[in-house]
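I opened the model to look up its sheets, helix packing and contact surfaces. My notes follow in the order I took them.

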Amino acid sequence: MGASLTKQQGQSLYEVMVRIREFEEQSIVIYGQGLTPGRVHPYIGEEAVAAGACAALGAADKIVSTHRGGGHLVARGADLHKVFAEFMGRATGYCSGKGGPMHFGIPELGLLCTNGIVGSGITVAAGAALAAQLERTGQVVMCFFGDGAANTGSFHEGLNLAAVWKVPAVFVCENNAYAETMPFERAFAIKDIAVRATGYGMPGVIVDGNDVEAVWKAATEAVTRARDGGGPSLIEAKTYRISGHFHGESPHYRSQEEIDAWKQKDPIERYGKQLIRDAACSQDELNKMREAAKEEMTRAIQLAQADPFPSLDTLATQVRLPLAWEVAP
Amino acid sequence: MTMREITYAEAIREALAEEMARDSRVFLMGEDVGVYGGVFTATKGLLERFGPNQVRDTPISEAAIAGAAVGMALMGMRPVADIMYGDFTTIAMDQIVNNAAKMRYMFDGRVKVPMVLRTQGGSGRGNGAQHSQSLEAWFAHVPGLVVIQPSTPYDAKGLMKSAIRDDNPVVFIEHKLLYFSKGMVPDTEYTVPIGKADVKRTGADVTVIATQWMVPRALQAAEALESGGISAEVIDPRTLRPLDEETILESVRKSGKVLVVHEAVTFGGIGAEIAATIMDKAFDSLDAPVMRLGGVDAPIPYSAPLEKAAVPSTDQIRDAVLRLVRG
């Protein structure tokens with residue numbers, strides 16, 4: 001693998017990660033302030049996966065995400081004012097307040113959908129990749145899901161279909177050690193989800209999900225293979241969900257020692273040190289990025305908070321499109 | 001207009017072929033739809049004619065068939081996902097209910113999901129409880145889905161063409177006993193509008209609203225009643241969602257007496273919705289309570305006499321009308 005990152009690309013990966021972190025920290029704050037009607041599912045600790053994997057994609061490529069989709073939204077360049085507005089259920093949100101934190105579809109970002117049903121996006125991604133293959137668009141579809149989703153029927157059906165038709169898809173399993181509150185060890189009789197790829201006839205790789213460059217390299221290889229007609233791949237990014245399944249949950253199902261041990265492996269701190277060591281960045285520059293991200297979130301939240309709620313007139317709009325005769329003159 | 005006689009299965013096949021020829025984005029996938037040609041022959045010859053870029057056999061993966069259709073539709077294609085038996089839609093339900101039906105609403109109109117989920121239901125072939133159900137009311141209950149249940153070759157062809165061209169997710173439910181029934185269709189291009197009922201027989205004394213396999217039975221019952229001096233109007237809604245209330249209410253206002261007949265179990269069936277709609281909107285026209293006749297409250301049994309007794313017969317429809325008319 002000859003791919004390597006330029007100094008600017010390295011800085012950009014770091015910047016995306018700190019923006020995700022700040023986004024998630026702030027989403028917890030607004031949840032605590034009662035500004036979100038529903039729960040939030042933070043991505044804290046997993047930032048390197050979204051940042052590294054999305055950096056391997058082009059603007060025309062598509063992604064499918066999950067209920068824990070904040071990282072992917074930030075990495076795809078979402079307007080955070082519109083994201084926070086959606087979290088707060090405002091009319092100016094990406095989905096006008098109808099979707100909420102778990103249900104985004106943003107065509108202009110290539111985000112086909114996030115999904116509140118664990119595993120449900122996997123078959124959707126397989127179909128989208130089939131469409132790209134049939135229409136010869138050259139697009140790749142990257143599908144994110146967690147370790148929990150790897151135990152659903154959709155995972156099995158979706159990966160098999162993608163493999164048998166050799167569609168241009170990249171399946172990124174964010175193994176964050178817990179399916180809601182269920183630890184990996186109690187849900188799997190195997191050590192690595194990546195081995196399942198063999199059962200579908202596609203390459204499967206394990207990558208350190210807290211090493212953003214390693215994720216980027218694995219994703220770049222898989223995206224290139226998909227684009228070149230080599231079919232789908234499975235990447236298992238081993239990481240850890242520092243946040244709860246949702247913010248405000250009871251934490252009794254895991255130990256603080258375990259969480260603290262993973263905090264020592266923080267992907268952002270780790271990559272910051274690497275950038276400084278490689279003379280790609282100074283500590284001052286990193287601090288500035290963090291400050292800029294904080295300010296960006298504060299501004300976005302202020303804007304969103306001032307936005308109106310949707311009109312009740314929109315309650316039952318966009319349920320279905322008019323039929324042919326309903327629109328005929 | 002020149003007409004010719006074809007079967008319901010041929011009607012479906014013609015509709016699929018015409019739409020695939022018209023639009024290369026139309027893509028049919030499902031179990032045994034390609035090489036085998038469909039278990040009821042409805043897709044015979046389509047793979048040979050259109051090739052694997054438009055017709056494709058899938059593994060036995062109903063969730064993937066439906067989910068892939070959602071993904072293709074989001075990408076601008078027009079997939080037709082074939083679920084061999086209506087009973088198997090249970091495995092695809094997450095995709096149909098949580099994704100196909102809701103995405104347009106959840107994303108407030110920023111996407112459309114133009115897909116058709118073709119399946120078939122109904123009893124009568126000794127297939128037992130897991131291959132004979134009538135689950136149409138499940139789909140009709142979900143906002144965002146269009147639900148179609150044609151009973152004739154003419155309607156099947158015209159509605160399938162409309163369904164493929166429609167930008168909504170459409171659940172298109174065929175009936176296993178109708179595939180080899182025959183009917184007249186035009187030689188030339190035509191479509192049947194979604195959301196429009198059809199008056200299959202006009203009559204003045206009583207309105208019988210029937211779906212799918214119950215339509216031919218209701219028509220036979222109406223013939224028998226005619227000889228006894230009772231004139232029955234038979235309406236086939238054809239589309240359950242959106243329901244053509246106007247055609248139904250117009251008939252009710254004329255007759256004042258209504259029987260709703262379907263093969264699905266009575267409790268929670270589409271007949272309950274139709275009856276409630278009539279009572280909401282035409283109560284003053286009613287001379288008697290709306291009567292419902294549906295399948296017995298049990299799974300479809302295997303044994304032939306039991307299976308036959310599980311769904312309304314022509315005689316039961318006739319007798320129900322007599323009770324309704326004579327009070």
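**Entry 1: the sheet of chain A**

I traced an open sheet of six strands in chain A, ordered E2-E1-E3-E4-E8-E7. Its pairing is parallel. I am working from a predicted model here, as in every entry below. I then looked for the edges. E2 and strand E7 (204–208) of chain A stand there, each with a single partner strand, so one side of each has no neighbour in the sheet. Direction ignored, neighbouring strands of this sheet are turned by 25° against each other on average.

I zoomed in on one pair. Strand E1 (residues 62–64) of chain A and E2(A) are joined in the parallel sense by two bridges. A:Ile63 has A:Leu111 in E2(A) as its bridge partner. Next I checked what packs on the sheet. Helix H9 (residues 212–227) of chain A does, touching strand E4 (169–175), E7 and strand E8 (233–238) of chain A. The direction of H9(A) makes about 170° with that of E8(A).

**Entry 2: two helices of chain A**

I picked helix H1 (residues 7–32) and helix H11 (residues 267–277) of chain A. Their axes come within 10 Å and cross at roughly 155°. Angles over 145 degrees count as roughly antiparallel, so H1(A) is roughly antiparallel to H11(A). The crossing of H1(A) and H11(A) is left-handed.

I listed who makes the contact. H1(A) brings A:Gly10, A:Leu13, A:Tyr14, A:Met17, A:Val18 and A:Arg21. H11(A) brings A:Pro267, A:Ile268, A:Tyr271, A:Gly272 and A:Leu275. By class, the residues of this contact of H1(A) with H11(A) are eight nonpolar, two polar and one charged.

**Entry 3: chain A against chain B**

How many residues of each chain are in contact with the other? I found 35 residues of chain A in contact with 40 residues of chain B. On the side of chain A that touches chain B, four elements each supply at least two residues: strand E2 (111–113), helix H5 (120–134), helix H6 (153–164) and helix H13 (324–327). H5(A) gives the most to that side, with eleven residues. The residues of that side of chain A divide into 20 nonpolar, twelve polar and three charged.

I followed H5(A) across to chain B. The axes of H5(A) and helix H4 (residues 89–100) of chain B come within 10 Å and cross at roughly 85°. That makes H5(A) roughly perpendicular to H4(B). A:Ser120, A:Thr123 and A:Val124 of H5(A) meet B:Asp94, B:Gln95, B:Asn98 and B:Asn99 of H4(B). The residues of this contact of H5(A) with H4(B) count as one nonpolar, five polar and one charged.

**Entry 4: the sheet of chain B**

I found an open sheet of seven strands in chain B, in the order E3-E2-E4-E5-E7-E6-E12, with mixed pairing. Strand E3 (55–57) and strand E12 (239–241) of chain B are the edge strands, and each pairs on one side only. Neighbouring strands of this sheet are turned by 20° against each other on average, direction ignored.

I took one pair again. Strand E5 (residues 116–121) and strand E7 (residues 170–175) of chain B run parallel and are joined by six bridges. B:Arg118 stands opposite B:Phe172 in E7(B). Helix H7 (residues 153–165) of chain B lies across strand E2 (26–30), strand E4 (78–83), E5, strand E6 (146–148) and E7 of chain B. H7(B) runs at about 160° to E7(B).

**Entry 5: the domains of chain B**

I looked up the domain assignment of chain B. It gives domain 1 (3–186) and domain 2 (198–326). Their centres, taken over C-alpha atoms, are separated by 26 Å. In chain B, 23 residues of domain 1 are in contact with 25 residues of domain 2. Helix H6 (136–140), E6 and H7 of chain B are the elements that give two or more residues to the domain 1 side. The residues of that side of domain 1 divide into eleven nonpolar, ten polar and two charged.

**Entry 6: backbone exceptions**

Most residues other than glycine have a negative phi, and most peptide bonds are trans. I searched for departures in chain B. The peptide bond from B:Arg241 to B:Pro242 is cis, with omega near -5°. B:Pro242 is in the loop between E12 and helix H9 (245–255) of chain B. B:Asp108, a residue other than glycine, has a positive phi near 45°. B:Asp108 lies in the loop between helix H5 (103–106) and E5 of chain B.

Key: Residues are numbered from 1 along each chain as its sequence is written. Chains are lettered from A and ligands numbered from 1 in the order in which they are written. This is a predicted model: local features need pLDDT of at least 70, side-chain atom pairs count only at pLDDT 80 or more; totals for chains, interfaces and linings use all residues. Axes are lines fitted to C-alpha atoms, for helices over the stretch in contact, and angles run from 0 to 180 degrees between N-to-C directions. Angles under 35 degrees count as roughly parallel, over 145 as roughly antiparallel, 65 to 115 as roughly perpendicular and the rest as oblique. A crossing is left-handed if the near helix is turned anticlockwise from the far one by less than a right angle, and right-handed if clockwise. Two residues are in contact if their C-beta atoms, placed from the backbone, lie within 7 Å. Ala, Val, Leu, Ile, Met, Phe, Trp, Tyr, Cys and Pro count as nonpolar, Asp, Glu, Lys and Arg as charged, and the others, Gly among them, as polar. Two strands pair if DSSP finds at least two bridges between them. Domain bounds come from an automatic or database domain assignment.
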